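Here are my notes on the model, as numbered points. Please read them with the structure open.

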Amino acid sequence: MRRYDNGYDTDQAGELRRMVTDNRQKKKAETPPARLHTLSILSGKGGVGKSNIAAALSFALADFGKRVVLIDADLGMANLDILCGVRNAKYNIAHLIEGSRSLNEILVHFKTSERATKLNGSVSLLPGGYGIREIADLDEFALERLFESLSDLEMMSDYLIMDAGAGIHKGALSFAYASEITLLITTPEPTSIRDAYGVIKSLGSAAWQESKDSATGVMLIVNMASSSREAQEVAERIRLASMQFLGNAPMYLGYVLKDDVIERSVKNCRIFYRSDPDSNAGICIRNLAGDLLRMCEGMNVEHEKLPEKKKGIRGFLSRLSEKLFAENK
Ligand SMILES: Nc1ncnc2c1ncn2[C@@H]1O[C@H](COP(=O)(O)OP(=O)(O)O)[C@@H](O)[C@H]1O
Ligand SMILES: [Mg+2]
């Protein structure tokens, strides 16, 4: 048998090529139609409950049988690992950016409720690296490595929930622009309301449904409300201002009541929804998860009509890079 310089004999090389082609075809055949829904959670002001809501919603969606990957995209202020009781997460998003670890090595898988397990629901966390710079500051190569790894999420999850941080900096706004749905969290405090309006204003037309491919745009969640009525009033104030000055308004999705159980759980590094799913706040989270699911299932029909590159994680990543690179060029 003739041996080539590269050390492979012809048969071996042919076999390798066949294996690669087979693997590619297999991967293609295994790739389900893009159905992954992308949700980012952000706020104008910090400390309004984004991380708690992101984590609690993830576990509530798992109880409905969904496979959820929670990403701590609040680069620089990442704390979801601590909040979720993960001690000493070995690897984080920084290792993905460096290219030194694979997604599978980094993801932290949580134990879910009996109900979730029965329905094949799951929650995994991609921890954020503490002190990482803004996503908008990463160079093209780092972003490419990150995007390449994230594209595997399509196969392993139904929902991608990103805790995108506070403020109107480019990173958070880019996540909002790229996601199908942006959950904008505010509390009834006037400062939080004003800053939530600031986010809507900064997002501009990206905040509205019709400007994005099958995306629903921004939806309001009022956290720490003392009643459903107060929450509704807060949402209405934001919607009215938005309508009056920007000509369009985000939808109001729902509320989470102020509940001591959250503070207690945070102190014990527990997600309140896991330990107290039937608390007042837990019931609110379950209602929000149910409404989100109904909305996203409805979106699937429209989703099917989109070209592959605009769907799921591919759509998300291409919108994200479009946003991150557009203004740099
Ligand atoms: N619904 C709520 N009821 C009572 N306290 C809450 C509620 N939501 C959040 N908190 C409190 O607010 C603090 C900040 O929440 P966190 O999720 O870390 O906010 P963010 O991620 O927006 O900075 C938590 O430590 C918790 O004590
Ligand atoms: Mg947070």
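1. First, a term. Helices are DSSP runs of H or I with at least four residues, numbered from the N terminus. The model is predicted.

2. By that numbering, L293 belongs to helix α14, which covers residues 280-304. Is L293 buried or partly exposed? Buried would take 20 or more other C-beta atoms within 10 Å, and exposed 12 or fewer. L293 has 18 within 10 Å, so L293 is partly exposed.

3. K66 is 227 residues away along the chain, yet the C-alpha atoms of L293 and K66 are separated by 9.4 Å.

4. Next, the ligand. The shell around ligand 1 has 17 residues. The closest are G49, K50, S51, N52 and E263. By class, the shell holds 6 nonpolar, 7 polar and 4 charged residues.

5. Which elements each supply at least two residues of that shell? They are α2 (50-63), β7 (217-225) and α12 (260-267).

6. Now a helix pair. Two packed helices are described by the angle between their axes and the distance between the axes. For α7 (residues 140-150) and α15 (residues 312-326), the axes come within 10 Å and cross at roughly 165 degrees. Angles over 145 degrees count as roughly antiparallel, so α7 is roughly antiparallel to α15. Their crossing is right-handed.

7. Which residues make this contact? From α7 come L143, F147 and L150; from α15 come I313, L317, S321 and L324. The contact of α7 with α15 counts 6 nonpolar residues, 1 polar and no charged ones.

Technical notes
Residues numbered from 1 in each chain as written. Chains lettered and ligands numbered in written order. Predicted model: local features only at pLDDT ≥ 70, side-chain atom pairs only at ≥ 80, totals over all residues. Near = placed C-beta within 6 Å. Nonpolar A, V, L, I, M, F, W, Y, C, P; charged D, E, K, R; others polar. Axes fitted to C-alpha atoms, helices over the stretch in contact; angles between N-to-C directions. Parallel < 35°, antiparallel > 145°, perpendicular 65-115°, else oblique. Left-handed = near helix turned anticlockwise from the far one by under 90°. Contact = placed C-beta atoms within 7 Å.
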